[in-house]
Amino acid sequence: MLVNRDNLEKYLLSKVKKSKVAIPDEATAWLSDGSILPPISRQEVWAAGVTYLKSRNARMEESQSSGAASLYDMVYDAERPELFFKAAASRVSGHLQQVYIRKDSSWNVPEPELTLFINSNGNIQGYTCGNDMSSRSIEGENALYLPQAKIYEKSAALGPCLYVSSSPISGETAIKMVITRGGIEVYQDSTTVSRIKRSFTELTGYLYRECDFQHGCYLMTGTCLVPTSGFTLQVGDVVEISIDAIGSLINTIGINPKHK
């Protein structure tokens, strides 16, 4: 109810003027104990695929053996974007929480994505960092396996906050990802939002064309940072995704202890 409205920035600013200032020591303790939940309640999380050229190339590479590489080439240039359901709120991790890799996948990667918060009227009201965990060996085996490659327990993370702005986020906004293993950096790269092929309003328009979202929706907008084919995540790796104006989303890699 708080965020699902038009003119969200104006509304929140009006509330801030009437709010009490938190005691610094209390605020610091609350933020440092790892208790920041993902900024989501009853919203669904959806995702857009193949919105950056590098993502198209990576999808084509992983699908060569299955003969499906041309599918990703076609969708990159098609009028209609690729959109898919990613996660229910209960499967979303927050800042400093674990995300999982699948035990039946031999090739697992994180995908850092600028993520839109769209209200129930279909208007973009905010932004956050998103981690779209992906099992590339499963998707590469058969394009129809995409739901299994993308949708599983703790396969998505959002945070550390919801950045609210009445102005569209700048195309010069930088997205950076760093992966460390045992304290040693094993991957680092960055890009800017301007390299995306499709506009955020275009992606939002297709998502809301025949879907209603009573509480609003989160939409991951695709990735341009893809580790090389020789890289796969391991348990204990730490993934840090940083986006200008929003902050850093940090997650540790784990596996689901309920499934052996």
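Student: Which ring does the charged end of Arg209 sit over?

Tutor: The ring of Tyr206, with the charged end 4.1 Å from its centre. Keep in mind that this is a predicted model. There's another case to look up: Lys197 lies over the face of Tyr76, 5.0 Å from the ring centre.

Student: Okay, now rings against rings. What describes a pair of aromatic rings?

Tutor: Two things: how far apart the centres are, and the angle of the planes. In this model you'll find five aromatic pairs. Take Trp46 and Phe213: their ring centres are 6.3 Å apart and the planes make 80°, so you'd call this pair edge-to-face.

Student: Where in the chain do Trp46 and Phe213 lie?

Tutor: In distant parts of the chain, 167 residues apart. Trp46 belongs to strand S1 (residues 44-49), while Phe213 is in the loop between helix H7 (200-207) and strand S12 (217-220).

Student: Are Trp46 and Phe213 buried or exposed?

Tutor: Both are buried. Now try Phe117 and Tyr218: this pair is tilted, with 5.3 Å from centre to centre and 50° between the planes.

Student: Why does the pair of Phe117 and Tyr218 tie together parts that are apart in sequence?

Tutor: Because Phe117 lies in strand S6 (residues 112-118) and Tyr218 in strand S12, the pair bridges 101 residues of sequence. Phe117 and Tyr218 are both buried, too.

Student: Which residues do ring pairs link into a cluster?

Tutor: Trp46, Phe85, Tyr208 and Phe213.

Student: On to sheets. How do strands of a sheet pair?

Tutor: Through backbone hydrogen bonds, and the strands run either parallel or antiparallel.

Student: How many bridges join S3 to strand S9?

Tutor: Two, and S3 and S9 (residues 156-164) run parallel. To find the spot, look for Val92, which stands opposite Ala156 in S9.

Student: What order do the strands have in the open sheet of five strands?

Tutor: S4-S14-S13-S10-S11, again with mixed pairing. The edge strands are strand S4 (98-100) and S11, each pairing on one side only. On average, neighbouring strands of this sheet are turned by 25° against each other, ignoring direction.

Student: In which sense do S10 and S11 pair, parallel or antiparallel?

Tutor: Antiparallel: S10 (residues 174-181) and S11 (residues 184-192) share eight bridges. For example, Ile175 has Thr191 in S11 as its bridge partner. The hairpin of S10 and S11 has two residues between the strands, and in it Gly182 takes a positive phi near 60°.

Student: And how many bridges are there between S10 and strand S13?

Tutor: Six, with S10 and S13 (residues 238-243) also antiparallel. Here Lys176 has Ser242 in S13 as its bridge partner.

Student: What about S13 and strand S14, parallel or antiparallel?

Tutor: They run antiparallel, and six bridges join S13 to S14 (residues 247-254). Check Val238 on your screen: Thr252 in S14 stands opposite.

Definitions and conventions
Residues numbered from 1 in each chain as written. Predicted model: local features only at pLDDT ≥ 70, side-chain atom pairs only at ≥ 80, totals over all residues. Heavy atoms only, no water. Pairing = 2+ DSSP bridges. Helix = DSSP H or I, 4+ residues; strand = E, 2+ residues; numbered from the N terminus. Phe/Tyr/Trp six-rings, centres within 6.5 Å; stacked < 30°, edge-to-face > 60°. Buried < 20%, exposed > 50% of the residue type's maximum accessible area, 1.4 Å probe, protein only. Lys NZ or Arg CZ within 6 Å of the ring centre and 35° of its normal. Axes fitted to C-alpha atoms, helices over the stretch in contact; angles between N-to-C directions.
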